[in-house]
Amino acid sequence: MVVDPGCSKSVQDFLDSHGFHLSGILVTHHHMDHVGGIDALLSKAGKNLPVYGPASGRVAQVNRPVREGDMVDVHCLIARVFEVPGHTVDHLAYVIELKDTMKSDEVWMFPGDTLFSGGCGRLFEGSAQQMFESLQKLNQFPANTRVFCAHEYTESNIRFARAYSPDSKNIEAREIEVRRIREQGLSTIPTTLGVERLSNLFINAENPIEFKQIREAKDHF
Ligand SMILES: [Zn+2]
């Protein structure tokens, strides 16, 4: 299964090179860089391929609309659906707790454009209050939760965090780590909730007012 296929080619190449068949698509929100590859994947896999996504109707290809609390069968794994408005009003996140089906205490989170490493999504539609609450909802899981956010924005997010909070040793350490990872040509994603609790100003905001201040400062950075 694939989450948010913004384009089809990289997904199809991966499937072909591993001899896999696509058995479903999970969609977090309607932006083109998250849904642009769905049509091509459907034309290859067939129109009956399950496409899970917001029940708002904004993603035309969604044939399995889901809401808060719904469970999506991802082969032997169960993904729980969370409504996380803010970036868009109908934004979803998917969370897989491996303890449900496998002997692991790991949690895998697919927050789309809600939570990024060192940052969060822009408020295109929702309010600061909504995004604050959405981030709190995602931050309830254990520190070892692997966060597969949708974009590699970490470097610029940490640059902002350093400027906003120059005395934070944790953010300074994260900046050094991120630079080292990127210099090796590697991705900083997945991150973990534990890393984000140490270095993400947005999930650490105490209240919606503080969150709004940080969000507006980042928007003008
Ligand atoms: Zn988006």
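Let's start with strand E2 (residues 25-26) and strand E3 (residues 51-54), which pair in the parallel sense over two bridges. Ile-25 has Val-51 of E3 as its bridge partner. Strands here are DSSP runs of E with at least two residues, helices are runs of H or I with at least four residues, and both are numbered from the N terminus; two strands pair if DSSP finds at least two bridges between them.

A word on what you are looking at: this is a predicted model, in which local features need pLDDT of at least 70 and side-chain atom pairs count only at pLDDT 80 or more, while totals for chains, interfaces and linings use all residues. Residues are numbered from 1 along each chain as its sequence is written.

Stepping back from E2 and E3, you will find them in an open sheet of four strands, ordered E1-E2-E3-E4 with parallel pairing. Its edges are strand E1 (2-3) and strand E4 (64-66), each pairing on one side only.

Helix H1 (residues 9-18) is hardly covered, with one buried residue among its 10; buried means that 20 or more other C-beta atoms, placed from the backbone, lie within 10 Å of the residue's own. Just after H1, Gly-19 takes a positive phi of about 70 degrees.

Now for the other sheet. Six strands form an open sheet with mixed pairing, in the order E5-E6-E7-E8-E11-E12. Strand E5 (71-74) and strand E12 (191-192) are the edge strands. E5 runs antiparallel to strand E6 (residues 77-83), joined by four bridges, and Asp-73 stands opposite Ile-78 in E6. Further along, strand E7 (residues 92-97) and strand E8 (residues 107-110) are also antiparallel, with four bridges; here Glu-97 faces Val-107 of E8. E8 then runs parallel to strand E11 (residues 146-147) over two bridges, where Trp-108 has Arg-146 as its partner.

Finally, look at helix H5 (residues 154-164) and helix H6 (residues 169-183), whose axes come within 10 Å and cross at roughly 155 degrees. The axes are lines fitted to C-alpha atoms over the stretch in contact, with angles from 0 to 180 degrees between N-to-C directions. H5 and H6 are therefore roughly antiparallel to each other, a term for angles over 145 degrees. The contact, counted where C-beta atoms placed from the backbone lie within 7 Å, includes Ile-158 and Ala-161 of H5 and Ile-171 and Val-178 of H6.

Methods: Parallel < 35°, antiparallel > 145°, perpendicular 65-115°, else oblique. Contact = placed C-beta atoms within 7 Å. Buried ≥ 20, exposed ≤ 12 C-beta atoms within 10 Å, placed from the backbone.
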